[in-house]
Structure formats: structure tokens, C-alpha cells
Amino acid sequence: MAQLSINNVTFAFSQPALLKDATLHIEPGERVGLVGRNGAGKSTLLKIINRELQPDDGSLDISADIVVAKLAQEVPEVDGQTAFDVAAGGFAELAEAVSIYRSLNEAMQAGRELTAAEQTSYDNASHALADAELWDAGDRLEGLLAEMQLPCDVQFNDLSAGMKRRVLLAQAMIRRPDILLLDEPTNHLDIESIVWLQSYLKRFTGTLVFITHDRVFLQDIANRIVEIDRGRLFDWTCDYATFLKRRDDMLAAEEVAQAHFDRKLAEEEKWIRQGIKARRTRNEGRVRALKKMRQERSERRSKTGTAKLHLQEADRSGRLVAAVKNVTHGFDGPPLITDFTATVYRGDRIGLIGPNGIGKSTLLKILLGELTPNSGTVRLGTNLSVAYFDQLRGQLDPSKSARENVSEGTDELLIHGKKRHVMGYLQDFLFAPDRAHTRVEYLSGGERNRLLLAKLLAKPANVLVLDEPTNDLDAETLELLEETLPQFEGTILLVSHDRAFLNNVVTSTIAFEGDGVVREYDGGYDDWFRQKEEGAAAASNLFTAPTKTAPSPAPAAKAKKLSYKDQRELDELPNRIDELETLQAELQNQMAQPDFFKQDGAEIAQAQADLQKMADELAHCYQRWEELA
């Protein structure tokens, strides 16, 4: 028997309807992944299941004894509450009683005598918990928070975005729900937390209905895919990879059927225009059939197109983008980064990975010259034009429309040297006119991310800094972004917890491995994980007792193989040295001319500074050539 039934549900904010005659039956223990384009109605369907919204038509059948819990998509702002208090909100009306009982019970255990008012509060909370048979609620919640590595007594507003998300997960899970609804549960979670969540949900014995953009997470968790497309529900009892193939086959068949229908309709329209034949009695049935075909064609909803991303590149930056050497930095407490050295060249696509709050944003600021490290040196390249994608979308004004956020007071944008009207530009990012005039605060999470991409890419840049760009994006836009970014000839610095996205975009990774240790690896997430595991295995072998065997001749030392990045640097150093020596000779010839020192003093000083800069870079190039060769 179905645990949850959605029967012929229709729901609309405007026309066309988000859901039309939707029917879905979910059995106990199923793990259902909801997929579909941004704005297709995925979050709306979850809200209907959670009874936050009532359908315009149809019914929702869930037994009264079934406990449904939901993780919201947005992180709320709360004042004066600890992580424990927010997580205790999962107990609904008993949340305050759980928090009061816990805090006053701890006070008594510490030997403090309660005041009369505190004693009354404690007694009232005790009775409430006893009536609900929730004596162990506080212990259960503390245990769950400990399992999720969350501090109980830290203020919720002081936590990072990822830690706040984990508190809300605890809030949803503490009720031990029969049906757990998750709306983008991996947003703002670091990779370690995502892997933990995957493991937790695979042990969860209840029913799971979830929305996620994380394809690795979706493939690992879902055993059933339900797609929302043009108001209809398409049910696929398979994993995500199989769904993609079957869905493509279905769309191809649908395209053929619609083409056949359109040809038949065109033939009937040609016939009806003949006039008198169509009005004969024996042809009335054919006329009625034509009217029905017209009605069917008018109700057909075309599939939403794919966004078009325009990467506008500014003038090329210098070959060197940033070089950091022996950088150490921290704030209060242990350093976040210790003795880190790396060089970023034009064309590099570097992914930064590591837990939330470990220092990724700090390193980005150091690489961009926005923050001076406690120690070490930072050298920035020339002609850098930076575009920054903020994961919290702080560059968007929620009180303004999508159009106003991108246009910034003008109707025309300069895209690839040509003027384009802002409305046409927004249509490339799938904003129909009504959505383009909608205030940002009423847009979905995916629409806000697409809008921020539109705003970011409207201006030329040669360095893209992308901080969690994949949050809330639908699969089609995400895959398009993966295809577009490698075509960018500038430099990309990418912070992401999306493992598939990292694998498909970056050429190297900078990994934060704890205790201030930051290392650079070739390849994406899987390459980093493999190299890290191999390194750990090699380290453990050092402590393995050697087997006593007959001595053998020592093998000849094997030359260390250069990494891909180092080999590329070595290959390009001779050209750079030739270029610098040519520029140096030209400038020295200019300075040798009799009229040179008759110029303005500032120009003379600039030329001397340029000559010194070339000499320093030449010395560095020769040193690197010697080290690498």
C-alpha cells in the first residue's frame, strides 16, 4: 500500500500551471529523486507534500500517523539562539521545553541551585516532555549534533553557511520522520559533510523524497527518479544514469510524434480551406476532429530551451597571474595556511577544496592581492580583470527586478563588442519577460544563480573567481557551464563541493588538509582523492617492519617525473626568457638615447622601474629553469 499518494493534483501561481493532473504513489522505504528544470515546480511539489501549499485541484493522501519532516532550501536568520535551540525546533511546539529542560538540568548537575522562577520553568518543561514521552529528547539531540560534529552552545548566526545547513539537517532528522523531504540538502555543505550525509541517508530506513543538483549524490542515493516537465510527472524506476538515457530516448520519440502530428494538422488545415467540401454532412466528423487537433496543439507546452552563456574575455592578462611563496596566514588561533607556495598562470583552472571555514576564501583573497598574509611573499601579474561569483549572491539586490540588477540603469549591454538589449540578453539565461521583471526576492534559488551568472558575464574579465557557482542550478545549465568554462582562455579559480563539476572543469586542485596544511595536486576531485590515498598508503608502509632477506644491489636512483603543470612551465620558460631579454634590450637602447633623460622625471623613473622588474623576473625564470631541468 502506498505511503503517500498524489492524485490528479493541479497547482498554478499563474499560467501555465506548474502541475497539471499530476499523480504519484510512493511506497515505504523508497528514495525518490525529484529532477527538472529550475522553476519546473520541484520545490512546490515538496511544499504540497509537506502541506505548506494546498493544491488547486486533486488530493494528497497521507495517513495521520505518518511523520513528515522537511529541510528547507533557504537558511533562516535567527537571533539569540544556539545551534541546539535551532535543532530543537524539530520538536515543533516542544522545542522550547527541550531547550529549557536541557539548560536547567545541566545547571543542577553542575551544583547550581535554581531560582523559584527557574524551578517552575523546569517543572513545566519536565511535565510537557513526560506527556509527549520525550524524556530523552535532549540526549537524543545532543547525540545527533555530536555525530554531525556540531557544537551545541555556539550561536547559530556565528556558524558558517555550511554548518548552519548541518544544524537544519539535525532539526529535520531529530523527529525520526517516516518521510523525509530534502530540498537541495548539499547546498553549502563541504565534501566531507556531503559524504557523511550520503552515508547517513543510505542507513535511513524511512522514505526519502529529495531535490539535489549534486549528480554524484543523486546517483548514489536515489532508486527512483521522478521528473517534472511542463506540468507533468514522469516516473522512472531506475538510477540517475539510466534515467538520463531513457529520458533522451523518450524525448527523441516525442519529437518524432509531434512532427507527425504537425504534418497531419497542416494537411487538415489545407483541406478545410477548400471550403464547400468541408461543409458537407458526410465531412462533419472530420471537421470536429480538426477542431480537437487545434485544441490539442494549442495546449502543447514546448520544452524549455537551454541557457546560452557568453564568456566575455578582457584583454589578456600577463603570463603570470599570481605567485605566492612560503605564505602563512591566520587570524585568532592556529594558522589557516602554513608555508604554502604556488604559482598561478594564465589559463589555469584551479579548484579549491576543503571543509567549510578552513580558509579557502582567505587564500582566494591572498591570491587576488586583497589580503596581505602574516608572512611570505605575494607577486601579482599584470592587467588582471577579475569577475567574482559570490555563493551568497550578495551582489544581487533583492528589492530590484532581475532586469534592474543586470542593466544597472541602462537598456543596452555591450556583449562581445555589440550592443544588445538587456531583455534579449536575459532571455539567453532563460528569463521570460515576466520573470525578468520579477523582484529577485521572489525568484527561485536556481533563477538567482542564473541571474548572478548573467550579471557576472555581462562584463569582460580575464580572471573568473567562482565561489559555489553550481548551487541550485538545474542539470542542463550545470552541464552547459561545464562545457563553457574550459573554453575560457583566461584563469579560473573555483571553490566547489560538487565532485562531478570539479572533475569536469579544473586542471589542478589546491586541497586544505587540516592543521594549516595546503597542497596542490594535478587533476580534479577524483585525482586528488586517489593521490591522497596513495600518499597515505605510502606513509603507512614506512612503519611496516621490513622482511629479512638477502642483501641485493641498490637500484639506480630514478629521476623524479615532473607534474603536468611543472612540465608545462619548463617547456614555456625558454620563450619567456627570450621575450624578456628582447624587451630588456629594447628598453636599454631607449635609455641610451641622448634625449631620454630630457623627459619628465616620472617617465624616467617608470622606465627604470620597468627595467628592474624585467631583471628580477629574468632572474626568477633562470632559477626556475635550473630547478625544473
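Start by selecting V324 and V378: V324 stands opposite V378 in β13. You are looking at a predicted model, where local features need pLDDT of at least 70, side-chain atom pairs count only at pLDDT 80 or more, and totals for chains, interfaces and linings use all residues. Residues are numbered from 1 along each chain as its sequence is written, and side-chain values use heavy atoms, with hydrogens and water left out.

Select strand β10 (residues 320-329), which pairs with β13 in the antiparallel sense over five bridges. Strands (E, at least two residues) and helices (H or I, at least four) are DSSP runs, numbered from the N terminus. Two strands pair if DSSP finds at least two bridges between them. Now show the whole open sheet: its three strands run in the order β11-β10-β13, with antiparallel pairing. At the edges are β11 (337-345) and β13 (375-380), each pairing on one side only. Neighbouring strands here are turned by 5° against each other on average, direction ignored. Angles run from 0 to 180 degrees between N-to-C directions, and axes are lines fitted to C-alpha atoms, for helices over the stretch in contact.

Helix α11 lies across β10, β11 and β13, at about 125° to β10. Contact means heavy atoms within 4.5 Å.

**Second stop: the six-stranded sheet**

Move to the open sheet ordered β5-β6-β7-β3-β8-β9, where pairing is mixed. β5 (68-71) and β9 (232-236) each have a single partner strand, so one side of each is left without a neighbour in the sheet. On average, neighbouring strands in this sheet are turned by 20° against each other, direction ignored.

Zoom in on β5 and strand β6 (residues 179-183): they pair in the parallel sense over four bridges. Pick L71; its bridge partner in β6 is L182. Next, select helix α9 (residues 240-272), which packs on the sheet and touches β3, β8 and β9. Its direction makes about 130° with that of β9.

**Last stop: helix α1 and the listed site**

Show α1, which lies across β3 (31-35), β5, β6, β7 (207-211), β8 (224-229) and β9, at about 150° to β6. K42 lies in this helix (residues 42-49), and S43 is in helix α1. Which residues does UniProt list for "binding site"? The unreviewed entry gives G36, R37, N38, G39, A40, G41, K42 and S43. Such annotations may be inferred rather than shown by experiment; positions use the numbering used here, and feature names are shortened.

Is K42 buried or exposed? K42 is buried, with a relative accessible area of 12%. S43 counts as partly exposed at 24% relative accessibility. Buried means under 20% relative accessible area, exposed over 50%, and partly exposed in between (1.4 Å probe, protein chains only). Finish with the contacts of K42: leaving aside neighbours within four places in sequence, they are L34, V35, G36, R37, I211 and I228.
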